[in-house]
Amino acid sequence: MKISQSSPLYLLCLISLITNTNSTTPLHPAASQLSNAQNTQEIVTGHRPKRPDKEGVYNVSKDLCWGCISEALEYLFAHNWIRAQKLEMPLIWDSQLEKYARSWAIQRKSDCSLQHSFPEGNFKLGENIYWGSGTSWEPTDAVNAWASEEKFYSYATNTCQAGKECGHYTQIVWRNTRRIGCARVECDDGDVFMNCNYGPPGNIIGERPY
Ligand SMILES: *[C@@H]1O[C@H](CO)[C@@H](O)[C@H](O)[C@H]1NC(C)=O
């Protein structure tokens with residue numbers, strides 16, 4: 001069944017995610033104050049506050065990944081799980097973006113070169129790329145590697161630690177990004193190239209991701 005983005009089911013998915021994340025401890029500084037009252041009971045009774053619900057985020061991702069093969073769902077869930085930590089809306093899988101990502105991945109099959117599809121300074125879409133030695137690397141490995149840049153990012157000053165890269169992480173959690181499509185290719189030399197494209201693109205200079 002094909003569902004448009006504005007259909008009730010889609011809205012229901014978003015609402016259910018919001019409902020699920022309401023009972024969590026948000027990492028967002030502004031949101032954590034809001035949740036203090038809610039969490040008081042749990043602190044008093046000695047229960048640990050609930051984290052974002054993995055199964056709930058997985059279910060929502062599945063609903064936003066119509067006709068997906070398992071690789072696509074793995075990419076989407078990994079992204080939405082990281083976004084859920086910041087109370088961000090889940091991304092929607094986009095078969096056009098997937099097609100674009102796949103066409104670039106196929107071009108990298110012969111060289112496995114860690115190379116963007118857009119010239120520097122002229123990105124039409126957000127784009128994260130990954131290279132791994134050997135064939136064992138899966139979509140979750142790529143997304144986690146990108147997301148691990150969080151430790152270098154300062155929300156307070158909206159800057160990245162000197163000499164470090166944060167852009168892959170900030171693209172993943174970019175609030176205004178809605179859609180994603182990714183690909184994975186095992187290169188001729190036995191290594192892996194993975195890439196994701198995002199729309200609308202994040203990492204607008206001077207803006208915070210969330
Ligand atoms: C996720 O979906 C499964 C299968 O439909 C269901 O049994 C489960 O209750 C759902 N979990 C959440 C947290 O929505």
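**Backbone details**

Reply: Proline 200 is placed in the segment that follows strand 6 (192–199). Strands here are DSSP runs of E with at least two residues, helices are DSSP runs of H or I with at least four residues, and both are numbered from the N terminus. The model is predicted: local features need pLDDT of at least 70, side-chain atom pairs count only at pLDDT 80 or more, and totals for chains, interfaces and linings use all residues. Residue numbers start from 1 along each chain as its sequence is written.

The bond between glycine 199 and proline 200 is a cis peptide bond, with omega about -15°.

Two other residues have a positive phi without being glycine. One of them is cysteine 112, with phi near 55°, in the loop between helix 5 (95–108) and strand 2 (126–132). Cysteine 112 counts as partly exposed because it has 19 C-beta neighbours inside 10 Å. On this scale a residue is buried if 20 or more other C-beta atoms lie within 10 Å of its own, exposed if 12 or fewer, and partly exposed in between, with C-beta atoms placed from the backbone.

Asparagine 158 has a positive phi of about 50°. This asparagine sits in the loop from strand 3 (153–154) to strand 4 (159–160), and it is partly exposed because 14 C-beta neighbours lie inside 10 Å.

Helix 3 (residues 54–63) has buried residues: Val57, Val60 and Ser61. Viewed down the axis of helix 3, these buried residues fall within an arc of 100°, so they line one face of the helix. The arc is taken over the directions from the helix axis to the C-beta atoms.
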